[in-house]
Amino acid sequence: MESISVLMTCPPVHPYLVEALEKRFTLHKLDSVPDKPQFLSSHRDSIRAVVGNAAAGADAELIDQLPKLEIVSSYSVGLDKIDLAKCKEKGIRVTNTPDVLTDDVADLALGLMLAVLRRLCESDRYVRSGLWKKGDYKLTTKFSGKTVGIIGLGRIGMAIAQRAEAFSCPISYFSRSQKPGINYKYHPSVVDLAANCDILVVACALTPETRHIINREVIDALGPKGVLINIGRGPHVDEAELVSALVEGRLGGAGLDVFQDEPNVPEELFKLENVVLLPHVGSGTVETRQAMADLVVGNLEAHFLNKPLLTPVV
């Protein structure tokens with residue numbers, strides 16, 4: 001398969017993935033191409049596969065520029081950077097990397113809850129700066145027993161719920177419809193969910209319907225003692241409204257792994273002690289990133305060997 005040309009549209013995010021692709025295919029890295037239009041024009045008839053991630057995938061413009069494109073294999077569970085309708089129209093297969101990152105993202109969500117409520121990051125700075133010698137650190141807020149509301153009860157949402165249950169947290173959720181066989185309390189709207197939980201977790205897919213699903217009304221319903229956790233996608237949250245609510249004290253705190261314009265983060269958040277900021281590392285462990293890379297390569301190999309895809313989306 002060395003003669004098959006694969007285009008990586010995202011920056012080379014993991015050496016293991018790059019090495020695995022280069023061993024099996026002719027890999028082109030769009031990020032390192034000085035003249036992208038010229039490159040795409042000269043390679044339009046040879047590129048048969050695209051590898052992207054949560055930052056860059058395959059939009060309609062790129063798909064139209066690659067008439068021989070057969071498959072898009074995403075190094076991510078999210079699909080918002082891929083024009084799925086266009087792929088379906090042109091018969092282009094699409095795969096992603098579900099399941100293998102569920103545990104890491106759910107673990108991180110719980111870590112953010114604890115970090116925000118127990119002020120772990122600030123406590124660490126308190127010790128490092130020598131302030132402990134001048135007096136004990138202030139009291140924080142208990143996590144166990146808090147009501148956790150989850151937006152999106154898919155694989156990751158369920159994994160978060162199961163972990164939170166171990167802390168004796170009542171679980172409630174919102175999704176497009178009530179899940180059969182689930183004992184967690186269902187709320188018919190995000191506003192209703194926010195008004196009835198202490199911690200609100202965004203764990204749904206990013207779609208046109210879920211963009212800015214966290215708006216001013218939801219934030220105000222969560223209130224000055226509530227905490228928002230976002231391990232989904234940055235555009236799930238109206239970031240300007242979130243910043244103003246935190247600055248004004250209308251929201252109790254936030255734990256954020258994703259942002260609207262990554263890697264740019266609103267500087268107003270840097271000064272807030274009740275906010276924990278992470279650089280989109282939900283799946284960022286050695287074990288999971290390697291498993292994700294294996295899925296990306298495995299899907300490409302399966303496609304070009306005319307075998308069933310491992311994790312088909314389209």
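Colleague: Where does H212 lie, and what makes its backbone stand out?

Modeller: H212 sits in the loop between β9 (199–202) and α9 (216–222). Its phi is positive, about 60 degrees, although H212 is not a glycine. Most residues other than glycine have a negative phi. Do keep in mind that this is a predicted model.

Colleague: Why is H212 called partly exposed?

Modeller: Its relative accessibility is 31%. Buried means under 20% and exposed over 50%, with partly exposed in between, so H212 counts as partly exposed at 31%.

Colleague: And how do you know that S168 is exposed?

Modeller: The relative accessible area of S168 is 57%. The cut-off for exposed is over 50%, so S168 is exposed. This residue is in the loop between α7 (155–165) and β7 (171–174), and S168 too has a positive phi of about 60 degrees without being a glycine.

Colleague: What makes the peptide bond from E262 to P263 cis?

Modeller: Its omega is near 5 degrees. Most peptide bonds are trans. P263 belongs to the loop between β11 (253–256) and β12 (275–277).

Colleague: Now the inside. Why is S74 called buried?

Modeller: S74 has 2% relative accessibility; buried means under 20%, so S74 counts as buried. S74 is part of strand β4 (residues 71–74). Setting aside neighbours within four places in sequence, its contacts are G52, N53, I82, T95, N96, T97 and V296.

Colleague: Is T102 buried or exposed, and how do you know?

Modeller: The relative accessible area of T102 is 10%, and the limit for buried is under 20%, so T102 is buried. T102 is in helix α5 and touches R155, I156 and A159, not counting residues up to four places away in sequence.

Colleague: Which residues have the most contacts inside the largest nonpolar core?

Modeller: They are I160 and I231, in a core of 53 residues. Helix α5 (residues 102–117) supplies the largest share of this core, nine residues. At least three residues come from each of domain 1 (5–100 + 286–304) and domain 2 (102–277). I160 is in contact with A106, A109, L110, M113, I150, V201, A203 and I231, leaving aside its neighbours within four places in sequence. Another core, of 27 residues, lies apart from it, with F174, V190, L200 and L256 among them. In soluble globular proteins, nonpolar side chains tend to be buried together.

Colleague: How is the protein chain divided, and what separates the centres of the domains?

Modeller: The division is into domain 1 (5–100 + 286–304) and domain 2 (102–277). Taken over C-alpha atoms, their centres are separated by 32 Å. Eight residues from domain 1 and five residues from domain 2 take part in the contact.

Notes. Residues are numbered from 1 along each chain as its sequence is written. This is a predicted model: local features need pLDDT of at least 70, side-chain atom pairs count only at pLDDT 80 or more; totals for chains, interfaces and linings use all residues. Side-chain values use heavy atoms; hydrogens and water are left out. A nonpolar core is a set of buried Ala, Val, Leu, Ile, Met, Phe, Trp, Tyr and Cys residues joined through side-chain atoms within 4.5 Å. Buried means under 20% relative accessible area, exposed over 50%, partly exposed in between (1.4 Å probe, protein chains only). Helices (H or I, at least four residues) and strands (E, at least two) are DSSP runs, numbered from the N terminus. Domain bounds come from an automatic or database domain assignment. Contact means heavy atoms within 4.5 Å.
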